[in-house]
Structures are given as C-alpha cells and as structure tokens.
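Thanks for making time. I will go through one structure this morning, starting with its aromatic rings and then moving to its pockets.

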Amino acid sequence: MNKQLIFATLGPSGTCHERATKAYIAFQELPNAKVELFNDLLEALEQLHDGKVDFIIQNSAHPKVYELTEKYFREVFVIDSFLCPTTPMGVLTRRDVEHPRSLGLMPATQAYVKTERWDKLIYETAKPIVGQNLLAGKYDSGIAALKFAEENPDILVVDEVIGSVQTAWLVYGRQKNQQQGVIGIKNSQLFQLELAHA
C-alpha cells in the first residue's frame, strides 16, 4: 500500500493556497495525497525539513518565498511550479461605514488596489482571515473573497471587483528535480505576438 503524501500549505480553510493545492493534487492524479494547513509556512518548512510532511505549495507572491527557498537550500528544493487562478476577490466594505478608513489585507494583495484611500492598513496572513475579521468589524474594508459579500449582503458591499488572478505556485520537496536546464512546458503559441494582437 502506498504511503499517504502530505502536502502542506497556508491555512485556514478557504485560502487560495488550499484551493490551488487541491487542484494540483487532482492534476497530478495523486489519490493518496492529503492537504495539511499551516498558519505559518515557515512552520511547514520545518515539518518538511524534518520529514513530517512531504511537500509544500506556496504562492509565488507570498512574502516568505525567499525564506522557504533559501533556509534549507541544500535539503529542501523547489521541485515544480504551476499556474492556477485565485479565488475571485475584491474590496469589500461594511455597509454601516460611510467613509472607510481602515483596510484589512494580505501583503501579497496590496498592489491590486490604491491603498492610499485608507488611513490605516491592517495586515493579515490569509484572505479568509480578512473576510472573517471584516464581518466582525475589525476594519471598515478588506481585500477578501467575493463570496464573503455574496453570503453576507446585509453586512458587506463590494466596492471594487479584482476578480480571479492567474498566478504562479511553487512546489517544494526534499528530493531535487534531476532535470537539467530549463524545466517547463513548451507552448510556442504563447510567443506568437502577431496572432495575439490580431
């Protein structure tokens, strides 16, 4: 019987990390894999280094990419990457706030909007935390999954739709990918610019 593979990624439940990890497992056709969620990917890195999890999946925009890539560079490696869209997101605001002054967000989502509109930025580790704290009144607005507004229309309104963003994901493991040179999928259609603009 095959050992169950454990893929670590960023929690809590409902993150784009969890969604992308499940999609990657399905894409790789790994029926013996499960997802384990961590609040801190550096903790997941320690677990991978110690052999307690088998792989980590991390968004390329996550602020700790360099730490995961570098801390154990002789023992933990980037072994794969893939593209997967995020959950549709937007700027959500509490209905009872006329002039929003505070914004909850993940650092990786900051460039999607002009944050100068708010006096105070409050950083969180994941978009589901932003959505939950916005519902609880911790801040006036937040960058979170659109579903928070759809499920709570009496509390939240959508100020701006960011949508789903196609983004890159990194896969870490303890066994180095032995292929040499560029590792990727050849797709010459991507580089036929005259066709793309026709």
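Ring pairs join Phe7, Tyr24, Phe55, Phe82 and Trp169 into a cluster. Before I go on, please keep in mind that this is a predicted model.

How many aromatic pairs does the structure hold? There are four. A pair of aromatic rings is described by two things, the distance of the centres and the angle of the planes. I will take two of the pairs in those terms.

One of the four aromatic pairs is Phe7 with Tyr24. The arrangement is edge-to-face, with 6.3 Å from centre to centre and 65° between the planes. This pair connects distant parts of the chain, since Phe7 belongs to strand β1, residues 5–10, and Tyr24 to helix α1, residues 16–27.

Next come Phe82 and Trp169, which form a stacked pair. Here the centres are 6.4 Å apart and the planes are at 15°. Again distant parts of the chain are linked: Phe82 is in strand β4, residues 77–85, and Trp169 is in strand β10, residues 166–173. That is a separation of 87 residues. Phe82 is buried, and Trp169 is buried as well.

One further ring contact involves a charge. The charged end of Lys147 sits over the ring of Phe148, at 6.0 Å from the ring centre.

Several residues of α1 are buried, including Cys16, His17, Glu18 and Ala20. Thr21, Tyr24 and Ile25 in α1 are buried too. Just after the helix, Glu29 takes a positive phi of about 55°.

On to the pockets. Rolling a probe the size of a water molecule over the atoms shows where empty space is left.

The largest pocket has a volume of about 640 Å³. Its lining consists of 21 residues, and those nearest its centre are Asp80, Ser81, Phe82, Gly184 and Ile185. Phe82 is also the residue that stacks with Trp169. Which elements give two or more residues to this lining? They are α1 and β4. The largest share, seven residues, comes from β4. By class, the lining has 14 nonpolar, six polar and one charged residues.

The second largest pocket holds about 200 Å³ of space. It is lined by 18 residues, with Asn59, Thr86, Met106, Ala108 and Lys127 closest to its centre. Two or more lining residues come from each of α1, α4 (127–135) and β10. Sorted by class, this lining has ten nonpolar, seven polar and one charged residues.

Gln47 is in helix α2, residues 41–49. Why is Gln47 called partly exposed? Its relative accessible area is 22%, and buried would require under 20%. Gln47 and Val65 are 18 residues apart in sequence, and their C-alpha atoms are 16 Å apart in space.

Methods: Residues are numbered from 1 along each chain as its sequence is written. This is a predicted model: local features need pLDDT of at least 70, side-chain atom pairs count only at pLDDT 80 or more; totals for chains, interfaces and linings use all residues. Side-chain values use heavy atoms; hydrogens and water are left out. Rings of Phe, Tyr and Trp (its six-membered ring) pair if their centres lie within 6.5 Å; planes under 30 degrees apart count as stacked, over 60 as edge-to-face and the rest as tilted. Helices (H or I, at least four residues) and strands (E, at least two) are DSSP runs, numbered from the N terminus. Buried means under 20% relative accessible area, exposed over 50%, partly exposed in between (1.4 Å probe, protein chains only). A charge sits over a ring if NZ of Lys or CZ of Arg is within 6 Å of the ring centre and within 35 degrees of the ring normal. On a 1 Å grid over the protein atoms alone, a cavity is a set of points where a 1.4 Å probe fits but cannot get out, and a pocket is an open set with protein on both sides within 12 Å along at least five of seven lines; lining residues have an atom within 4 Å of a point. Grid points are joined across faces, edges and corners, and a volume is the space filled by probe spheres set on the points. Ala, Val, Leu, Ile, Met, Phe, Trp, Tyr, Cys and Pro count as nonpolar, Asp, Glu, Lys and Arg as charged, and the others, Gly among them, as polar.
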